[in-house]
Amino acid sequence: MITFATISFLGLPLLAILLLNVVSKKTGGAISISVGYVVAIIQMIAAVVCMALLWMHGKDFIEFSLFWDMNATLGAAKLSVDLFSLVVLFCIGMVSLASLLTAKKTIGEKTLNYTNLLMVIMLGMNGIAVVTDLFSLYVFLEITGIASFVLIALLNDKRGLEGAFKYLVMSAIASALILGSFALIFTQTGSLVYGDVAKALADWRNAQYAPLLIVGFVMFIAGFSIKAGIAPFHGWLPDAYQSAPASVSVLLGGIVTKMAGVYALIRVLNSVFVAMPMINNTLLILGLISIVFGAVAACGQKDFKRILAYSSISQIGYIILGVASGSLLGFVGAMLHFFNHATFKTTLFVNSAAVEMQTGTTDIDQLGGLQARMPVTAVSSILAFLSMAGIPPLAGFWSKLLIIIAVWQSVSAVGGGIALAASIFTAAYFLILQRKVFFGPLEDHLTEVTEAKGTISLAAVLLSIVTVAFGVLFPVILNFLHLQGIL
Amino acid sequence: MISGLSSLITSGNGAGLIWIMIVIPVILAFLALIIPKTAYSGRATVLVLATVINFIAAIAIFCTKETTMLMPWAGFEMNLAFRIYSFSGFTVLLIAVFALLVAIYSIAFMRNRNGSGQFFFYFLLTVALANGAVLANNFVVMLFFWEGLLVTLFGFLLINQHSKPKTAVKALIISGIADLLLMLGIAFTVFQTGSLSMDAISGLSVSGMGLFGYLCLMLGALGKAGAMPFHSWIPDAAQDAPLPFMPFLPGSLEKFLGIYLMVRVSYEFYQLVPASGMSIAVMIIGAVTILLAGAMALIQKDMKRLLAYQEISQVGFIVLGVGTALPVGLIGAVFHMLNHATYKSCLFMTAGSVEYRTGTTDMSKLGGLMKVMPVTGICFVIASLAICGVPGFSGFFSKELIFDAALETNWIFYAIAVFGVFLIAASFLKMGQAVFFGKVKAPNVSMLKEAPPAMQLPVVILAIGCIVFGVCNFIPLHLIQPIFGSIIGNHDFSGWPHSATLVIISCVILLIAVLNHIYGYKKTGAALSAVDHIHYAPVLHSIYNGAEKRYTDPYSWLMVVVKIYSYICFGIDRAINWFYDVLLVKIVSFVSSRLRMANNGSPSRYMVWSFSGIAFIIMLFIALM
Amino acid sequence: MQQFFIVLCLVLMVVAGGAAVMLRSMLKSTISLGVASALLAAVLFLLGAFWAAIFELSVCSGLITVVFVSAVSLTNSDRKDEEHVKEHRARVAALPAILIFAGASLLFILFSHDFNIVISSTPASFAAFKEALWSLRQSDILGQIIAILAGTFAVIVLFKERDNI
């Protein structure tokens, strides 16, 4: 059971790629989306199963390997899943499913290519989630990166290629910084495995070349900030989100940047740079800048997807803030906000896909009154936005609350206050968007618009259910945290 | 389902029963809402099925030994805790009985009316919430169910009234204030004991913070029971809501809940001392309620409004009984609660039957209905005799117990209570004669006939209850007395009242009421105006006029205060509005548009940003080191 | 024997490098570059620089290749006209000549002079190669496979369409 579950994270997408490309192109194209569904759903189930197993055995993590002996003496590469990685693996499955559901209606004839690349990007992200050494992390980061460039340019139109190019350029800089940082760390510690590096870094101030390590840290923060789109490293993010095809925006906005940037950053921070207040404090400040900047900038945007992109910058700031607070509560809050953000942001991107498909535009000035014509989309986007703005009892409220409490307690009331105040801006851009797109009188040229039928609405409904259900059931988690003495 | 239920009953599994009582009505409520209007019998079946299951489960709960159930929920001691014990079991059983009877009545009444789906939906939801509120053993859980009842109340009053939700809003605000007080009371109480669990709280003294705690909890409970000053929505609701709402919520369920809490607060959580200041205060509330509501009942020209005022006045008796803090008052109050629910539900249902057949409850348009609706008429008379406290009927015995307690505290309360009996008797004589006796009069005389059987059945059952609870008053009393065994000891209150003097005084009062009625009838020649000599008496006239214009309605005063307050707030709001709507928006949109222009799509610019970001991080590092 | 392998690898590397320069098709050219990198990795390995070899293999032959593929496809419109085709043929014809020249000179260097490659103390064998490639960085090999897959799909998506334009 456990072997099957863990292996499926990396084995299953590989198998799917094999299956899709062994059969003829026509068959491959026909079955690709369905195969994708299966992979995504099994991944979600496997993540839940692993969580259950962790809980049943009372373990903190499960170590496993794919097809090698992980107990070999020489350089055995261990893969490992803990609760956080399982949560993100679940998110990957969920967002991939939503992306597939959206793609079914929007991607046209490119289903086979799309699914192949989706499987690759899933492999990349799953790899980021399970690896336990810095270089492997870098390799999987690159895989994720490559697959996303190609996905953005999937339709081969000028806009997509331009967005992909910008992403490519910035991502290359980020990769150089990250790789450089890892190299510097390697030269000083002699290892790349998380645990060993952490041990070697415990006394880094007395290391022979401490300044080199500091350079490494700076490069590390900068590199991952670019990948995560933290302000002021966010430049590429709105362009890439806006220019990508609808289903790819869902994927990028929902999970990819968060895996490549936020998750990887948190993982390294927690496993390698243990207890380094300097890095934490820097990230805290960057997180606050990101929160405020993203929210304010989102208020002035004219495009549905760009608003969502800036709101991502802001929400990622919250996640970073929670982790940077350095307390366990903050980390739990960040983890839950990661999940919540994956849920509601995916919902919103699915909604933007529905609007784009039905009206042909995402320019909010040309939209209006769609609530009457597209009720499912309108309601699910309201729910998602309310969750994002932190309105109880929806899921986003709780995770934000935990983060703000954590910052308030362990760092400063000012930081918590700023984060709290920025929520108002979240509500502001939410209202701007809702008013321009869904509320108000119906624009004349939109009278013929109908609700996005089938899988897109299904995705929106499913994700909304998750948002609401998670929020309503949250007291159970609170109780658990309380019992664990975290809260 | 039935077999599962029976096995649950035999195994005495209290926890399972609690879930049945709360979850099944909710599920069936949604079912009733989904079933289309055309399949009315389906809706009706669901309603009856749900109330029957609830009834069986309630019997099982009543027979269960004391059980507590605890499920961890939200942390901080907010557990899903329920407790079955004698009093909660008894109250749940009462709720179930009246829910069943009203359900049977309302499926006949609501047929061919709009909003039956919503009505049944709220009905079942209310049953579930009331069960939960009674069985809860944790203040947070109780509040959850209690507040839920506020929602269903609002929903009931909105049925077919979407365009003029005035009554619903009024009820919501008044009950909301009461619930707010309840919350405050819970906060004070919990603050003293440090526990949210209800069975962990007992015998707090009514002083210091306990005074506030007791007062707020009591006011919250009074608000639910509909005593002064939380009463004024009930007469309006009587006119606006579908009629079965009246016997259901204000008539029985809200009384049970309010008095259940009142008794628990006064005798369990807090130790109310007889003749102490707080005891007198509660009794004053009761006395004022009796007096004012009784006086208002006297002059009503509409059956439903008249019954509503009488009902409020009856609550006064119960509050008076509870407020004495004496065992006899307590037993009298709980017994009166049962009797009140019996005869008042019966009276509302007869009024409903009249409305069902004649289409009106305006007494000036009605008369002599006894000839065409004999069963309804007889039941009305029996229930009236019970409510007036004619010796032998149920109301008599419970009232005598309360009189006993009132006299023991102070003779003034006794005098007011007795005067209240006069007012009620006078108003009933007026209504009874005007509607059921004399010449047959109705908007549609030729089509009149007896109410349908499904509507007669509960009416008849309740009328029989009025007689049985009087003649064989040991039946209810022997159920009630064991509940309060620790308070009253082995004292048995059943049988004939022990003080013959009091009985004689009561009879004299009733006689005076009859004489007064005959005097008024002779004077004006019409039953309806039999109390006009009181209505238009020199001083009373102007008071009544004011009351009719709602000068005595606390709600209208509240609304005046609210209006003034809102004018003040409007001014402040304007200023704040300008800040948010104009200034802040301008600043944000300015900054935002600058940022938008900055993000011009050029990768080189992004790179410059990134490198300045790196420089920033380096500076941060230097600063932090 | 080991020296022979080293030289062979060097020869093949030159061949692959030459092909990378000569080939008109960007796709083939980039793949040749990848092959050259892989061969260089093998040489490095045989010389005992395991880490360098692994990095070379992972980064250059895998990732850089793919990045090249993507970048090239994004910037270059792969137009074929008559002139280019002719030029292309000429280049292809020149290729064997260059290869033969390069191979011969290398072999000459190897066998005519007392050419001795200093090999590090660690004896390199196929087993060691396997160990270094496989046991040392198993997860990266997996990553490598996936990266190559990603590159392939990138090529399919971005190049095939170009041909159709």
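Contact, as used throughout, means heavy atoms within 4.5 Å. On that basis, and leaving aside its neighbours within four places in sequence, B:Phe317 is in contact with B:Ile290, B:His336, B:Lys399, B:Ile402, B:Phe403, B:Ala417, B:Gly420, B:Val421 and B:Ile424. This is a predicted model, in which local features need pLDDT of at least 70 and side-chain atom pairs count only at pLDDT 80 or more, while totals for chains, interfaces and linings use all residues. Residues are numbered from 1 along each chain as its sequence is written, chains are lettered from A and ligands numbered from 1 in the order in which they are written, and side-chain values use heavy atoms, with hydrogens and water left out.

**Chain interfaces**

- Two pairs of chains touch, and the pair with the most contacts is A and B.
- Chains B and C do not touch, and their nearest C-alpha atoms are 15 Å apart.
- Between chains A and B, 42 residues of chain A are in contact with 27 residues of chain B.
- The size of an interface is often given as the accessible area lost when the parts come together.
- Buried area is the accessible area (1.4 Å probe) that two parts lose on being put together, summed over both.
- For chain B and chain A this area is about 2,900 Å², and carbon and sulfur atoms give 78% of it.
- On the chain B side, B:Arg596, B:Ile617 and B:Phe621 lose the most area to chain A, together 19% of what that side buries.
- The elements giving two or more residues to this side are α24 (554–598) and α25 (603–624) of chain B; helices here are DSSP runs of H or I with at least four residues, strands are runs of E with at least two, and both are numbered from the N terminus.
- Of these elements, α25(B) gives the most, with 14 residues.
- By class, the side of chain B that touches chain A has 20 nonpolar, six polar and one charged residues; Ala, Val, Leu, Ile, Met, Phe, Trp, Tyr, Cys and Pro count as nonpolar, Asp, Glu, Lys and Arg as charged, and the others, Gly among them, as polar.

**Nonpolar cores and buried residues**

- A nonpolar core is a set of buried Ala, Val, Leu, Ile, Met, Phe, Trp, Tyr and Cys residues joined through side-chain atoms within 4.5 Å; buried means under 20% relative accessible area, exposed over 50%, and partly exposed in between (1.4 Å probe, protein chains only).
- The largest nonpolar core has 214 residues, and B:Phe123 and B:Phe245 have the most contacts inside it.
- Not counting residues up to four places away in sequence, B:Phe123 touches B:Leu47, B:Thr51, B:Ala99, B:Val102, B:Ala103, B:Ser106, B:Phe156 and B:Phe248.
- A second, separate core has 210 residues, including A:Ile17, A:Leu117, A:Leu201 and A:Leu288.
- B:Phe317 lies in helix α12 (residues 303–323) of chain B and is buried, with a relative accessible area of 0%.
- The C-alpha atoms of B:Phe317 and B:Ala442 are separated by 34 Å, and these residues are 125 residues apart along the chain.

**Charged pairs**

- Side chains of opposite charge can pair when their charged atoms come close.
- Over all chains, the count comes to 13 salt bridges.
- One of these joins A:Lys166 and A:Asp239 (3.3 Å, N to O).
- A:Lys166 lies in helix α6 (residues 158–189) of chain A and A:Asp239 in helix α9 (residues 236–243) of chain A, so the pair ties together parts that are 73 residues apart in sequence.
- A:Asp239 also forms a salt bridge with A:Arg306, with the closest N and O atoms 3.1 Å apart.
- A:Arg306 is in helix α12 (residues 304–324) of chain A, 67 residues from A:Asp239.
- A:Asp239 counts as buried at 8% relative accessibility, and A:Arg306 counts as buried at 11%.
- In chain B, B:Asp236 forms a salt bridge with B:Arg305, with the closest N and O atoms 3.3 Å apart.
- B:Asp236 is in helix α9 (residues 233–240) of chain B and B:Arg305 in helix α12 of chain B, 69 residues apart.
- Both B:Asp236 and B:Arg305 are buried.
- Salt bridges that share partners join A:Lys158, A:Glu162, A:Lys166, A:Asp239 and A:Arg306 into one network.

Technical notes: A salt bridge is a side-chain nitrogen of Lys or Arg within 4 Å of a carboxyl oxygen of Asp or Glu.
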